[in-house]
Amino acid sequence: MRILMTLLLLLAAAGGTAVVLTRSPRRQVFAMAANGLILALLFETLQAPDVALAEIVIGAVALPLMFLVILASARMDRAPRRPDGGR
Amino acid sequence: MNARARLLTFLFACAGLGPAVVVLILHLPRFGAHALPYGDLINDSAPRERHVANAVSAVNFDYRGIDTLGEEFMLLCAVTGVVVLLRSKRGERVDAPAGRVEGRSLRPRSDAVSGVTRLLAPVTALFGLTVALHGMTTPGGGFQGGVIVASAISMVFVGEGYRSWRKCAPSVAFDATEGAGAALYALCGFASLLAGLPFLTNVLPLGTLRHVFSGGLMLIENAGVTLAVAGGFTVLFGEFLEETRVETRDDES
């Protein structure tokens, strides 16, 4: 148990650092999702399964999805809003 | 601010905060030992007083039920804000094709993706309902179950594409689900007021400990949270995904 906890704490530290050090936004989103999963495992090991479930659904699903959609929306080549091209 | 000035500021902050952090770490309680009586108290009294095995649910829906009511309306306000901001700019039409990044080839969706999501989406939805339904006995509950159901609905977008997903998740229905869930939770509070008791008092029979349908009024509150969260997150995902489709002429009307 002690080994598992130490391992997960180290992994969480490494995951958090990886999120900060990743420069490309798209990769950063996936790093953040992975970090969310590590945190969920850590919470589960600390006997907080409710928090772990919430961390999975928010940290590893909902938040990355929104970031991905925003990135996609920002990169998209879309028609001008008005026929004359003005905004 | 140049790199040198930034480094100096950092070192200055370190000199101030570093010793404080070290002192705090040395004075932390031993790992796993806590001095707070609340958790032990709830663990002891929730099964006895509320006939509920999951103490977290007992806190969320009963002992601190008023906090969850606040969170419920916080979610409602957040979702409403997103809808007002994004939908008013974009218009109500939902039949435009998906947008694309210039210079990137459009590959047709592979059969494997469709097949896997067709298998997984119903199973995920069922799992979400199970997590929500068993909120009183096992970890989970309305919030977690609701988000899992919402992500199952979003899987249709991955597997079947924009049009089928729009048909599958009509936003009117999920707007209503979100509002109805929050209303159901609030009405639970008024039910006890009608009986002459304080707001959100557990007025229903509590049932047997470790049974799925234990906890009395908490079950209805849990159902309300499930509806509100499933509806809210579906609407939220929907509004954000709508941002990736091609803009049409009547947008920004």
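Cys188(B) lies in helix H8 of chain B, which covers residues 171-194. Helices here are DSSP runs of H or I with at least four residues, strands are runs of E with at least two, and both are numbered from the N terminus. The model is predicted, so local features require pLDDT of at least 70 and side-chain atom pairs pLDDT 80 or more, whereas totals for chains, interfaces and linings use all residues. Residues are numbered from 1 along each chain as its sequence is written, with chains lettered from A and ligands numbered from 1 in the order in which they are written.

Cys188(B) is buried because 26 other C-beta atoms lie within 10 Å. A residue counts as buried with 20 or more such neighbours within 10 Å, as exposed with 12 or fewer, and as partly exposed in between, with C-beta atoms placed from the backbone. Leaving aside residues up to four places away in sequence, Cys188(B) touches Leu200(B), Leu217(B), Ile220(B), Glu221(B) and Gly224(B). Contact requires C-beta atoms, placed from the backbone, within 7 Å. Met218(B) is 30 residues from Cys188(B) along the chain. Their C-alpha atoms are separated by 8.9 Å.

Chain A holds 3 helices and 0 strands. Its pattern along the sequence is α-α-α. Of its 87 residues, 16% are buried. Among its contacts between residues at least 6 apart in sequence, 43% join residues at least 24 apart.

Helix H3 of chain A runs over residues 49-75. The expected span of a helix is 1.5 Å times one less than its number of residues.

The contact between the chains takes 18 residues from chain A and 22 residues from chain B. On the side of chain B that touches chain A, helices H6 (142-160) and H9 (217-242) are the elements that give two or more residues. H6(B) gives the most, with 5 residues. This side of chain B divides into 11 nonpolar, 5 polar and 6 charged residues. Nonpolar here means Ala, Val, Leu, Ile, Met, Phe, Trp, Tyr, Cys and Pro; charged means Asp, Glu, Lys and Arg; the others, Gly among them, are polar.

Conventions: Contact = placed C-beta atoms within 7 Å.
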